[in-house]
Amino acid sequence: MIDPALLPHMRPDRSFQGLLLTLQTFWANQGCVVLQPYDMEVGAGTFHPATTLRALGPKHWKAAYAQPSRRPKDGRYGENPNRLQHYYQFQVILKPSPANLQDLYLQSLDAIGIDTKLHDVRFVEDDWESPTLGAWGLGWECWCDGMEVSQFTYFQQVAGFECAPVAGELTYGLERLAMYVQGVENVYDLNFNGREGAEKVTYGDVFLQAEKEYSRHNFEHADTDMLLEQFRMAEAACAKYLAAGEDGERHLMAQPAYDQCIKASHVFNLLDARGVISVTERQSYILRVRELAKACGAAWLKTEAGGGAAA
Amino acid sequence: MPDLLLELFSEEIPARMQAQAADALRKLVTDALVERGLMYEGAKAFVTPRRLALAVHGLPGRQADSKEERKGPRVGAPEAAIQGFLKSTGLASIEQAEVVKDAKKGEFYVALIERPGKATTEVIADIMPDIIRTFPWPKSMRWGTGTMRWVRPLHSIVCTFGTDIEDPEVIRFEIEGIVSGDVTRGHRFLAPEAFPVRRLEDWLAKLEAAKVVADRDRRKAIILNDAKDLALANGLELVEDEGLLEEVCGLVEWPVTLMGSFEERFLDIPDEVIRATIRANQKCFVLRDPRTGRLANRFILVSNIAATDGGKAIVAGNERVIRARLSDAKFFWDTDRRTPMADRLGKFDNITFHEKLGAQGARIGRIVTLAQEIAPLVGADAALAGEAARLAKADLLTEVVGEFPELQGLMGRYYAQHENLPPEVAAASEEHYKPQGPSDRVPSAPVSIAVALADKIDTLVGFWAIDEKPTGSKDPYALRRAALGVIRIILDNELRLPLRPLLVSAARQILGEEHYEHNPHDALGVESFADRLVGEIIKGLTRRLAHVPRGEESTAAAGAERIEGATLSGDLAADLLSFFADRLKVHLRERGARHDLVDAVFALEGQDDLLLVVRRVEALADFLGTEDGRTLLAGYRRAVNILRIEEKKDGVAYKGPAEAKLLKEAAEEHLAAAIETVKHQVSEEVKHEHFAAAMGALSHLRGPVDAFFDAVIVNAPEAPLRANRLKLLDEIRSATRGIADFDRIEG
Ligand SMILES: Nc1ncnc2c1ncn2[C@@H]1O[C@H](COP(=O)(O)OP(=O)(O)O)[C@@H](O)[C@H]1O
Ligand SMILES: [Mg+2]
């Protein structure tokens with residue numbers, strides 16, 4: 001049930017930001033560190049080092065954060081009611097996955113106003129795999145009245161390494177959830193700030209122009225020569241930083257190297273959207289990014305936070 | 001007698017795995033019980049999204065005691081042997097063993113080992129952890145800090161044992177901190193509280209009260225009945241869908257069937273696309289309007305709860321998602337129709353069909369050529385067949401097929417119709433993929449046949465050329481299905497179509513192409529060079545097969561010779577033909593034909609006309625069913641046996657015909673004359689494909705053969721006579737060869 005003490009403009013069923021804040025509060029109450037988005041372009045919250053890297057190694061970890069997710073190919077010039085090339089994921093990672101993770105997830109839905117006695121919430125098999133991250137896990141997509149609103153995964157492998165303990169990852173598609181609880185048909189009609197009348201700001205006010213501009217960019221104008229060069233540079237820099245950070249049993253620069261892996265991945269997504277990568281090349285690009293991810297994962301496991309080196 | 005109840009309660013089990021898991025649990029547990037001497041009266045498994053359960057009823061309370069006599073060393077054997085015996089039998093001293101006398105071996109020890117049977121509960125507690133740990137899930141996972149694997153996190157286990165008159169006993173065992181007990185839970189949302197259960201009836205009843213229908217078949221029946229009723233009440237018909245029903249019943253513990261609708265304007269989209277959209281993404285059923293035969297703008301969803309508002313919110317939510325999905329589908333359908341199919345073809349040059357077989361574009365080119373070649377043989381117009389083949393794959397590049405691969409072919413038909421292309425071309429788009437499975441329709445329109453055969457033959461030859469033949473249970477490119485498709489198309493349409501030349505043409509295109517890639521300047525005017533190029537083509541191919549990089553020809557040459565035999569387009573065709581023969585055998589066997597007869601016919605040289613093969617087999621079967629046929633077969637065997645023995649003895653092969661002047665006895669002459677006539681008749685009849693008549697002719701040999709064996713001694717003392725008679729026997733053999741290889745006939 002939505003907290004009745006919330007001010008009207010903070011209610012998750014009235015305001016997009018209210019929804020985000022409610023989820024943050026909920027997971028903060030579960031002991032998560034509430035982080036801010038990673039300051040790089042990523043395709044999903046999973047790429048945030050707080051998930052990819054922290055899922056590796058023996059150390060326990062609980063975090064929650066919103067992450068702008070860039071999916072260049074999902075651009076629809078602002079014309080699709082629920083598909084965006086830039087949208088928000090709310091990401092929760094709990095390592096080890098607690099026995100009551102499903103219950104916690106359902107409680108979080110309750111907190112944003114989804115009554116499970118009224119709505120049909122379902123866990124439908126959907127095994128998650130990220131070929132670029134060398135990662136996979138088993139879990140579900142979570143449906144609410146037939147709408148996929150979250151992804152729920154028990155990580156088994158990341159960067160080619162077995163996860164032990166296993167981390168549980170929840171990814172909420174914030175816009176789709178908000179449309180759901182606000183009862184709107186089109187993402188651009190979402191009430192962003194929870195105000196009414198002249199003070200009301202919609203999702204469209206904030207993002208519609210950007211969706212149009214970036215769709216043009218992603219499909220028509222992104223500078224492919226530059227991107228091809230950036231891919232090569234990021235790949236080379238990643239290798240360089242990994243080599244420079246080697247320190248016997250320890251590694252001293254896993255995270256800067258991983259940034260370059262993230263960079264390469266996003267640049268690849270842009271190239272893919274521009275349609276300049278053939279089917280055969282596609283596979284080899286994915287493999288190249290995966291190699292970077294694996295090397296970064298190996299380096300991370302030799303760091304202190306990765307559990308591999310004494311302080 | 002007591003019953004066992006077992007329930008493994010977990011997070012949501014994927015729907016597609018549930019039925020198999022239930023079977024596996026029943027089999028694993030009952031097998032383990034039987035192996036330990038615990039027979040049972042019946043067993044039934046249950047599965048829902050959150051629980052996998054088993055009831056085994058009529059088990060004994062304990063294992064029977066067992067007695068075993070174990071033979072030991074002889075009396076006075078070395079101390080080490082005695083000690084070993086004591087250790088393995090568990091006896092405290094050798095005095096506990098009996099001494100037995102044996103006439104041959106003298107005196108030796110025998111231990112009498114008595115084992116009291118264990119209580120069934122103890123046996124079950126022993127076997128369960130192992131069964132759970134090694135359970136054959138197609139995919140399993142770890143969770144938390146544990147190391148055990150299950151399909152999704154396992155939460156609790158119920159395990160009880162007892163009769164219906166007593167309080168059942170809880171069988172305790174532990175696995176990764178989960179201790180079995182007698183407590184379970186009901187529906188996730190409708191009755192989440194924990195409660196104790198006793199035995200099967202109690203478990204079923206309490207679950208039902210807690211909004212869980214544990215029996216999978218019952219859930220299915222409920223869904224199907226409710227869906228039909230709901231449809232009927234609205235004057236509509238449910239479009240039944242067994243696959244979807246299976247899946248949906250694995251997504252709910254408490255099925256509640258509801259109906260929703262969508263805007264009529266979406267009915268512009270083809271029915272199949274609407275159905276695929278609603279089925280794949282939303283797992284809902286569609287409905288037909290019996291008055292129009294088309295889909296209605298309604299759907300049926302199966303929710304997992306009886307909602308407090310009667311399902312209004314659930315229906316509204318699903319309607320919203322379906323509306324969004326259908327507007328996507330409509331967008332795709334409209335977009336696709338704006339680009340003519342032919343305009344998409346260029347893209348195929350950049351799409352790899354298989355890394356060793358090049359681009360999809362090249363493959364389509366080959367199919368076009370082959371379809372044109374096949375066309376006149378199957379009564380199709382060559383130009384039309386070529387055009388149909390050129391466009392048959394074009395729909396793979398459309399948005400709708402990208403979204404719903406299962407609609408490939410069908411969408412091609414729609415788009416071709418939309419472009420007003422010839423109806424044959426539209427039909428071939430859809431039908432060239434057929435037949436897919438045993439119940440699928442076989443194409444019968446000539447153009448569709450030409451394209452379907454060309455597509456399948458190119459696939460088969462291609463994968464043969466790169467040595468990716470099916471092995472054992474592995475057939476990733478569905479080559480068996482392709483071969484069976486060719487067979488069924490030929491037989492069902494009664495086509496006279498020798499396969500060998502087609503396989504060779506297909507092989508030449510594929511093998512040649514590799515060559516053109518390496519020698520682009522030869523591509524022009526290649527036809528005139530063809531003969532000279534053959535050698536080089538083979539070299540190129542063997543190099544590729546031997547994975548030898550270019551520039552290392554000398555090593556390749558050695559390998560080339562080795563592989564040559566297997567890769568020449570001719571031998572490749574021969575190898576592939578024998579694959580067809582195998583598939584044909586399987587196909588005919590499924591229809592009750594004798595596989596030995598298929599073998600007998602295929603053993604003849606150059607059998608590549610499947611229809612003729614089948615006609616021969618049929619005629620042969622009929623013939624062998626007659627008195628004449630059986631007797632002739634017996635005579636044939638007698639002749640061949642004698643021949644074989646004598647040929648072995650003499651180390652020579654006797655080849656007919658016999659010399660007329662050496663024929664002494666009347667029966668001999670008679671037989672020789674009969675063979676002469678029959679051979680001639682058989683070959684005439686076979687030439688005209690009158691196989692029954694050929695068999696009739698053959699039956700005229702029966703009398704003379706019998707008479708020959710009655711009156712004539714083959715192994716005559718005079719060597720020339722003997723040799724001549726053996727030659728005559730060989731003539732019997734060769735007379736039958738016009739029909740089949742009688743050696744391969746069994747029984
Ligand atoms: N292009 C998009 N625009 C808006 N929401 C999206 C988009 N793609 C996915 N989502 C939402 O985000 C959630 C997570 O997306 P998913 O693709 O499953 O993430 P991941 O790539 O991290 O597995 C989905 O459940 C869905 O609700
Ligand atoms: Mg998903």
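1. Starting with ligand 1: 17 residues sit around it, and A:R71, A:D74, A:L84, A:E148 and A:Q151 come nearest. Keep in mind that this is a predicted model.

2. Three of those neighbours are worth a look for their polar atoms. At A:L84 the backbone is involved: one of its polar atoms is 3.0 Å from a nitrogen atom of ligand 1. With A:E148 the side chain takes part, as one of its N or O atoms is 2.8 Å from an oxygen atom of ligand 1. A:Q151 also uses its side chain, placing a polar atom 3.0 Å from a ligand oxygen atom.

3. Next, a helix pair in chain A. Helix α1 (residues 16-29) and helix α3 (residues 101-111) have axes that come within 10 Å and cross at roughly 140°, so α1(A) counts as oblique to α3(A). The crossing is right-handed. On the α1(A) side the contact uses A:T22, A:L23, A:F26 and A:W27, and α3(A) brings A:L104, A:Y105, A:Q107, A:S108 and A:A111. By class that is 6 nonpolar and 3 polar residues, with no charged ones.

4. Now over to chain B, where helix α23 (residues 627-650) packs with helix α26 (residues 702-711) at about 45°, the axes being 9 Å apart. That angle makes α23(B) oblique to α26(B), and the crossing is left-handed.

5. Who makes that chain B contact? From α23(B) it is B:E627, B:D628, B:T631, B:L632, B:G635, B:R638, B:A639 and B:I642, and from α26(B) it is B:R702, B:V705, B:D706 and B:F709.

Methods
Residues numbered from 1 in each chain as written. Chains lettered and ligands numbered in written order. Predicted model: local features only at pLDDT ≥ 70, side-chain atom pairs only at ≥ 80, totals over all residues. Heavy atoms only, no water. Axes fitted to C-alpha atoms, helices over the stretch in contact; angles between N-to-C directions. Helix = DSSP H or I, 4+ residues; strand = E, 2+ residues; numbered from the N terminus. Parallel < 35°, antiparallel > 145°, perpendicular 65-115°, else oblique. Left-handed = near helix turned anticlockwise from the far one by under 90°. Contact = heavy atoms within 4.5 Å. Nonpolar A, V, L, I, M, F, W, Y, C, P; charged D, E, K, R; others polar. Near = heavy atom within 4 Å. Polar contact = N/O pair within 3.5 Å; in protein donor to acceptor, adjacent residues only side chain to side chain.
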